[in-house]
Amino acid sequence: MELKKVSKNFGGLKAVNQVSFSLEEGEILGIIGPNGAGKTTLFNTLTGFYKPDEGEVWFEGEKLIDLKPHQICQRGMVRTFQLVKPFLQLTVLDNVIVAALNRTKMIREAQEKAQEIVEFVGLGEKKDTLGTGLTLPHRKRLELARALATGPKLLLLDEVMAGLTPTEVDELIRLLKQVNQKGITILLIEHVMRGLMALSKRVVVLNYGEKIAEGVPGEIVKDRQVIEAYLGEEFAGAQG
Amino acid sequence: MNFNLILQLALNGFLLGGVYSLIALGLSLIFGVMRVINFAHGEMMVWGMYVAYTILLWTGVDPFFSFLVSAIVLFILGYLLQRTVVNRILDFPEAMQVLPLVGMGMVFENSARLIWGPDYISPQSRFALSSLPLGNVIIDTPRFLAFSLAIIITIIVLLFLKKTDMGKSIRAAADNRTGALLVGTDVNKIYAVCFGIGAACVGAAGGLLVPIMPLSPYIGPPFTLISFIIVILGGMGSLTGAMVGGLIIGVAESIGPELITNLFHGIGLDLDFPHTMKQVVSFFILIVIMILRPQGLFGGKKG
Amino acid sequence: MKKLYLFLLIGLLILLVLPKFLGSYELGIFIMIFFYAYLGQSWNILTGYTGMISLGHSLYVGIGAYMTYLLMLTLGLSPWIGMWIGGIAAGLIGLVIGFFGFRFGMKGVYFVLLTISFAEIGRLIFLHLKVFGSFQGLFIAPNFSFANFQFKENTPYYYIALGYVVFSLIVVRLMERSKVGRYLVALREDEEAAESLGVNVFKYKMIAIFISAFMTSLAGAFYTNYLYYLHPGTMMSMAFSIEMILRPIIGGMGTVLGPVIGSFLITPLAELSRTYFAKAGYEGLHLVIYGFLLVAVVLFFPRGVISYIKRALAPVLGSSK
């Protein structure tokens, strides 16, 4: 995938300002930045929930123009939501079946695929539980399971580790590595540094809607601008 | 095209529109504050009409005075209705809110029928047949009085909301229910007063309409619908919008059929747009507004 | 789940033999129960499954009724055939309404008002058309025969109405487990999430409204040939639309049996209160009582009767689903 100078404005506010970067197939790319940096807006723009005001998005050699979210999902790019959105009145399995129907018309096939994925993310025992009966960590797994069931080539994860205990984070890291090994490219927005570091091959940093740094995780943490963005000038000075 | 006729119709519609504005104001208050679709709105108005009519019958006092009594009676009824039924359904999903209010509408409608019978009644007001000529047009006195009184009431209500403590509390609760709760407002009481005022508006409007149109227990529903059209047209949550919207709809319904008939004839179509179809004009306006500008003329952000 | 099917089968068998034991009046009540159960089910397909509330469904009944009447009059076409054509017509109108509503993102109150507007415009237009009898309405001279969908006694109507209900149950049941049904429920639960998972929300809402309008209008043929009187004022009225939605709402929206249960509850209430309270000098009393009953039922069963029944019967029926 490639982004060329993508911008999204809201009234006078440049939520995303001329952001460019590219993503190789099979990579895991992390996106970080302080709150309000425009990360989720970027996701919304990539997946068709917003229309970019400027710039181009290329996916698998095709320029994406004016596509609706469901079309983008069909092309193989799927996202999760920061505030998870389970189908509350449906069971876990039924939730995932909906997603699995993205690739097949047959209910039987979708059911099997859904069953597989539900077990893969570790919700096997809860497959008949209603969305309303799930704890937050389980809802996050459901969100992931649904995204996986759509048969994606590129997975956009929006703060999927927020609110999880360290053990849960580790499990999720393990899970996502497996997902990546199956050939799925991952773009993840994360605040949980451990997860980000463990997974990302490269990292892009956004601040006030602009890309301020890009590189391997090791470099990024030492980057002066990045530190300034997160912690303020004093700390950047203290780093030396 | 007969300009005089159009002008006359427009004037009549405009004056009637003033009363529509009052009805819509009542709905705007109820819907704006409680987000409840008051399906009993028109039926409550009909009760206001009957109260004024009864007073006329028993005491000879003209509805142009007794509409105040209608307002008071409806305030009480509205207040009670809110405290008993509406308050409980505030958090229900929309579909479940429809039923109780429809049910109450049926109760209002049919109790009116039980008490006053099903037939149309056309009581005579003192002013009924008088009129004031003004240039090329005639101002129908009952309509003019209804219009003026409706406008006065509307202004009083607006002042109440802006200046008094209770009024401000109502507006606060409309904006942010949780916030109002947090600062210790007795939200239930506010909602009840608000619903009461909304009912009072519609009751007063009913009283004012007695000299203008025949009453029967069943004329309520079109008024419910019209007030919704006006509230959407004017903008939900905008009281000014309700006022302006009422006038626009009043005029549109009046001259619409005439203009469309002229249009048909103009393009060679031998078709009349009958006055009994005037509601089509309002519904058409509603559909257009919902498509082009859903927030209404004076509404805030979209939706 | 299998136990539920067993209960339903027994219920059906009972209903099949019931006419042997009932008089014409009682059959009439059952016919109304079935009629409204069918209408409620058809409406449920749109509103229960997508969450978009329609209060203008009487429009489709009208279209179905008038089209079958016209086709009968002009082409001598049997209502059994005409009703499918009427269904397509109604479905198309549904698509128009759906287009305006869904394309422009109308939800909640707005969509309700959109449906009301179209229904009212339709009613007013039909009210002024001479071919449909203008303000007097149309009396239809009965010409009893199966082909004409007209019968002397209530018994055939009973079985036909029952057939309608079974038909609607099958349609809804099939839909529920299919891709269409699942997508519809998903978009009702969370439109954005559904969209992000590949659901073409607009397309599926259009499918829902088409099916709903189509099925609703099939009842129009029944209406015409059972009541022998067509008047837009009653048939395409908001009052009728409201009657249609009462039963599924009280029974439980978005469920297969909800509209049926709702109808079995409400329709007898309505019919019986009319019989016993509509005495001379007290006309309207039955409606006052009906109105209060509606309020009471919603206050006691805010989530629909069926959710209470499910919980009450859960031990008997085993695990749900």
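The model is predicted: local features need pLDDT of at least 70 and side-chain atom pairs count only at pLDDT 80 or more, while totals for chains, interfaces and linings use all residues. Residues are numbered from 1 along each chain as its sequence is written, and chains are lettered from A and ligands numbered from 1 in the order in which they are written. The predictor assigns the complex an ipTM of 0.88 and a pTM of 0.89.

**Confidence in chain C**

- The average pLDDT of chain C is 87, and 96% of its residues score at least 70; pLDDT is the predictor's confidence in each residue, from 0 to 100.

**Domains of chain A**

- Chain A is assigned domain 1 (1-76 + 154-189 + 198-213) and domain 2 (86-151), with bounds from an automatic or database domain assignment.
- Between the C-alpha centres of domain 1 of chain A and domain 2 of chain A there are 23 Å.
- Nine residues from domain 1 of chain A and nine residues from domain 2 of chain A take part in the contact, where two residues are in contact if their C-beta atoms, placed from the backbone, lie within 7 Å.
- On the domain 1 side, helix H2 (69-75) and helix H6 (166-181) of chain A are the elements that give two or more residues; H6(A) has the largest share, three residues.
- Helices (H or I, at least four residues) and strands (E, at least two) are DSSP runs, numbered from the N terminus.
- That side of domain 1 of chain A consists of six nonpolar, two polar and one charged residue.
- Ala, Val, Leu, Ile, Met, Phe, Trp, Tyr, Cys and Pro count as nonpolar, Asp, Glu, Lys and Arg as charged, and the others, Gly among them, as polar.

**Contact between chains C and B**

- Chain C gives 34 residues to this contact and chain B gives 32 residues.
- On the chain C side, at least two residues each come from helix H5 (108-127), helix H11 (238-251) and helix H13 (285-300) of chain C.
- The chain C side holds 27 nonpolar, five polar and two charged residues.

**A sheet in chain A**

- An open sheet of six strands in chain A has the order E6-E7-E8-E3-E9-E10, with mixed pairing; two strands pair if DSSP finds at least two bridges between them.
- Strand E6 (77-79) and strand E10 (210-215) of chain A are the edge strands, each pairing on one side only.
- Strand E3 (residues 28-32) and strand E8 (residues 185-189) of chain A run parallel and are joined by four bridges.
- A:Ile31 stands opposite A:Ile189 in E8(A).
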